[in-house]
Amino acid sequence: MSRAGEFVVERWSAAERRAAAGAVIAFAALALAPLAIGGQGLDKLTTLFVYMLLAAMWNLLSGYAGLVSVGQQAYFGLGAYFALRLVSFGFAPYPALLVGALGAAAIAVPVSIFLLRLRDGEFAVASWVVAEAIRILVMFDLLVQGETGTSLIALNSYDPATRLVATYWFALASLAAMLVTTFLLLRSRIGAAGQAIRDDEEAARSLGVDVTRTRQIIYVLAAFGCALAGVIWLASAITFLPRTNFGVQWTVFMLFMVLVGGLRTMEGPILGAVIFFVLQEVFGNYGAWYLFGIGVVAVAFALALPGGLWGAVHARWGLHLFPVGERLVRGSVDARVARAVEDARSVT
Amino acid sequence: MFDAIVQGVLLGGYYAMLASGLSLLFGVARFINLAHGDLALLGAYLVLALVRRFGLDPFVATVPVLFVMAALGWFMQKWLFARTMRGGILLPLLTTFGLGAAIQNGLYGAFGSDAASLGNHIGNLSWDSFDLPFGISIGKLPVLTFATAVMALGALQLLLSRTRFGRALRATSQDPEAARLSGVDAERVQRGAAAIAVALAGLAGVFLAMRSLINPYSGPAELIYAFEAVVIGGIGSLWGTLTGGIVLGLAQCVGATVSPQGFQLAGHVVFLVWLGGRFYSQGTRGTPWHRRLLKWGSA
């Protein structure tokens, strides 16, 4: 009997099952939050959900697929722009938000065919160029009025309280759906393939991984998530300013949240988003020097703690709440007894 | 139209100056410095500060600033980039991008958001022009920028082809391990390359500030242009960078005659089409990195 027989592959531990149950309960509680929390609180939570969504998407792209994009603001802005356009054609605002995000994801398909042929730094800067080109094209639309921007006034037809709750639920549902999708995707073949490509593209290819297709699925999903964040932001802020909605600062924020929280974990970006949200609330008024600090802290984390805070937690206590990989653990006593019995049988 | 073409070619000189540093550092240390544009702006603001505080001539003030920028490049490579380079391809990108954000907002905090320019500190150079026959006039400042760029590239070429440091640099860019085995201090060479790259960025930033209004957030756009010039001209080739800069400058200036937004858009479109053409000529797999890298010797 080989020693390897003492190990079993584990995907769920007891702590993780509890965490999954906890997540379900947390989302259910958050769904009921409008009963207890006032308008301002809901608005803040909506902002937090946008941050979480952005961080999770950037982590999916950069952490798991190794695609460092500096151009995700393209979809953040494009989703909002499509939603505005649809509303101008007479769509109801909330369906327009969802369809707008889907439209941005549709644009991501041809863009991905182009961008995914590039590597590393070239991919990063070219994705930025694409975002800039899309922004300029959008600014040609008379509806947007160039630098002036426009706003989603159709939302004002709703009673303000109703609007806040509807936007909140839309944000919560989007976040939950995208997190679950990401989690399932990462545990599927595609997730494993993406990480294999990130670690060694040639080796993955030689094992039969369809590199382009895998990357494309992840890229388009991340684009859709960012577009959802963009339309939620539009519904929450009402105004649409091309330079803000297509601003590269969104990528700076994503970078900060993921680096501080922890790259390549499910939990890290969520934690990073909460930290970023709190910092924004406390220091947001300091303007440029606050943003300076954000940049410096992101660099410091990249240098000193590349795994982020959650990476440190995991290294210290081995805690993993939402496992996307498999792990070898020593088999339980029962399993070993059962195997010993089987061995004995085969001998006789 | 003829005006746009002349302007475009001269603007290409500025892009070559900006892009050569980016290309050099990429060639030697294999990472794209996403803070390159912001470092250019930092150089411009440092000159602006000296001019405002001490009433120096901008060209005089540029000299000490270039040394400061070179030192900054050296120490950033030593303390920052060299550490991140050990962490694979992801970390240098993240670090330089974060650094860029820090520089932008630091400049904003120190200098405010008002658009600034060196244009009003250089006397009539900012609007003077050479009058040529057939009613053509060419601005003196663009010509000076172009000439400086060609001189900077020429000096860099001489440095690379004639000096011991240049040979070590070319060796490091081709194969760091082999260079190390032959007794080259690759880390030191990379620091030297970073010093040159950041000083060149600062020099380009000064010319940018003389030509136009700048603000603390101008850096990212300049990085994008520099990168476009590098890719169009071919990574690792100095004079290719000049060609790339001229192609980009031409596209932008001709685009600007169509619409005000056309300046940026035409440049981006030419760049993206160029990339597309590269894929087409290479088939689907693309050339491996190391084969596209560096042709300093033949440059």
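**Figure 1. Chain A as a whole, in a predicted model.** Residues 24 or more positions apart account for 80% of those contacts in chain A that have a separation of 6 or more. The model shown here and in every legend below is predicted. Chain A contains 15 helices and four strands, and its C-alpha trace spans about 85 × 50 × 40 Å along the principal axes. Of the 348 residues in chain A, 44% are buried.

Figure 2. A:Trp58 has its place in helix α2 of chain A, which covers residues 39–64. Is this residue, A:Trp58, buried or exposed? A:Trp58 is buried, because 28 other C-beta atoms lie within 10 Å, and a residue counts as buried when 20 or more do so. Leaving aside residues up to four places away in sequence, A:Trp58 touches A:Gln72, A:Met254 and A:Val258. A further residue to look for in this view is A:Pro269, which is 211 residues apart from A:Trp58 along the chain, although the C-alpha atoms of the two are separated by 8.7 Å.

**Figure 3. The packing of helices α2 and α11 in chain A.** Two packed helices are described by the angle between their axes and by the distance between the axes. Helix α11 of chain A comprises residues 249–261, and it packs against α2(A) at an angle of about 75 degrees, with the two axes 9 Å apart. Angles of 65 to 115 degrees count as roughly perpendicular, and α2(A) and α11(A) are therefore described as roughly perpendicular to each other. From α2(A), the residues that take part are A:Tyr51, A:Leu54, A:Ala55, A:Trp58, A:Asn59, A:Ser62 and A:Gly63, and they meet A:Trp250, A:Phe253, A:Met254, A:Met257, A:Val258 and A:Gly261 in α11(A). Sorted by class, this contact between α2(A) and α11(A) has nine nonpolar and four polar residues, and no charged residues.

**Figure 4. Chain B as a whole.** The secondary structure of chain B comes to 12 helices and two strands, and, read from the N terminus on, its elements follow the order α-α-α-α-β-β-α-α-α-α-α-α-α-α. The C-alpha atoms of chain B fill a box of roughly 60 × 50 × 35 Å along the principal axes, and 52% of the 299 residues count as buried. A compact globule with 299 residues would have a radius of gyration near 19 Å, and chain B, at 19 Å, agrees with this. Among the contacts in chain B with a separation of 6 or more, 74% are between residues 24 or more positions apart.

Figure 5. Strand β1 of chain B (residues 129–132) and strand β2 of chain B (residues 136–139) run antiparallel and are joined by four bridges. Which residue of β2(B) is the bridge partner of B:Ser129? The partner of B:Ser129 is B:Gly139, while B:Leu132 has B:Ile136 as its bridge partner in β2(B). The two strands form a hairpin with three residues between them, and in the turn B:Phe134 has a positive phi of about 65 degrees.

**Figure 6. Two loop residues with a positive phi.** Most residues other than glycine have a negative phi. A:Gln145, however, has a positive phi near 60 degrees, and this residue is found in the loop between α5 (120–140) and β2 (150–151) of chain A. A:Gln145 is exposed, because 12 other C-beta atoms lie within 10 Å. In chain B, the phi of B:Arg30 is also positive and near 60 degrees, and B:Arg30 lies in the loop between α1 (2–29) and α2 (36–54). B:Arg30 is partly exposed, because 18 other C-beta atoms lie within 10 Å.

**Figure 7. The contact between the two chains.** Chain B gives 36 residues to the contact and chain A gives 35 residues. On the side of chain B that touches chain A, at least two residues each are supplied by α3 (58–85), α4 (90–111), α9 (219–233) and α11 (262–282) of chain B, and the largest share, 14 residues, comes from α4(B). By class, this side of chain B has 22 nonpolar, 12 polar and two charged residues.

How values were computed. Residues are numbered from 1 along each chain as its sequence is written. Chains are lettered from A and ligands numbered from 1 in the order in which they are written. This is a predicted model: local features need pLDDT of at least 70, side-chain atom pairs count only at pLDDT 80 or more; totals for chains, interfaces and linings use all residues. Two strands pair if DSSP finds at least two bridges between them. The radius of gyration is taken over C-alpha atoms; the globule rule is 2.2 Å times the number of residues to the power 0.38. Two residues are in contact if their C-beta atoms, placed from the backbone, lie within 7 Å. Axes are lines fitted to C-alpha atoms, for helices over the stretch in contact, and angles run from 0 to 180 degrees between N-to-C directions. Angles under 35 degrees count as roughly parallel, over 145 as roughly antiparallel, 65 to 115 as roughly perpendicular and the rest as oblique. Ala, Val, Leu, Ile, Met, Phe, Trp, Tyr, Cys and Pro count as nonpolar, Asp, Glu, Lys and Arg as charged, and the others, Gly among them, as polar.
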